[in-house]
Amino acid sequence: MISVVFLVLLGAALGAALGYASQVFKVESNPLVDQIEALMPGGQCGQCGEAGCRQAAEAMVRGVLSPAGCPLGGANLTKQVADMLGVSVEIADEDIQWVATIDESQCSGCGRCYKACPFDAIVGATKQMHTVIADVCTGCKLCTQVCPQQCLTTVPLTPDSRSWFWPKPQPEAA
């Protein structure tokens, strides 16, 4: 009984010491990096050339990576990040978004696409047919690179009210 009480008190003391140390040695991060990271897709896909979304946000704040560096974010993310950083970027007239599709007659259910998708947009069981949840898919094309049957393709997403980007009108030159 005494050993249990001793271990509980020891655990509480060590927990309190760790809690105190985390407050004393806390490293403050750049709030701008935190705000940009919150806007990003969060899939850690590496399409921008960085290891993850946090590193991409840090590179954008340092000026190493363009606000248009995240291909998954599209024009909406580019515009928001550029506004936060106070820089101007050229946004294409039409921002094409992509979504993966599976030719289910060719799918063997190997599960490689399911494992490669950082957004959990592909569902299915091993040796069963897989399918893509279009609302979750970002069109990163990581799944198409690992499919041995080549049954995965990406197609342009038809814009709707949730995905369409209306560019801001430019003032006419006088």
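**Disulfides**

I began with disulfides, taking one as a pair of cysteine sulfur atoms within 2.5 Å, and my count came to 0. This is a predicted model, so I kept local features to pLDDT of at least 70 and side-chain atom pairs to pLDDT 80 or more, while totals for chains, interfaces and linings use all residues. Residues are numbered from 1 along each chain as its sequence is written, and side-chain values use heavy atoms, with hydrogens and water left out.

I looked up cysteine 70 next: it is in no disulfide, and the nearest cysteine sulfur, that of cysteine 53, lies 6.1 Å away. Cysteine 70 is buried at a relative accessible area of 9% (buried is under 20%, exposed over 50%, partly exposed in between, with a 1.4 Å probe and protein chains only).

Then I checked cysteine 140. Its closest cysteine sulfur is in cysteine 45, at 5.5 Å, which is too far for a bond. Cysteine 140 is also buried, with 8% relative accessibility.

**Helices H2 and H3**

I turned to H2 (residues 31-39) and H3 (residues 53-62), whose axes come within 9 Å and cross at roughly 125°. Helices here are DSSP runs of H or I with at least four residues, numbered from the N terminus. Axes are lines fitted to C-alpha atoms over the stretch in contact, with angles from 0 to 180 degrees between N-to-C directions.

Which residues meet? I found Leu32, Val33, Asp34, Ile36 and Glu37 in H2 against Cys53, Arg54, Ala57, Glu58, Met60 and Val61 in H3, with contact meaning heavy atoms within 4.5 Å.

Terms used. Helix = DSSP H or I, 4+ residues; strand = E, 2+ residues; numbered from the N terminus.
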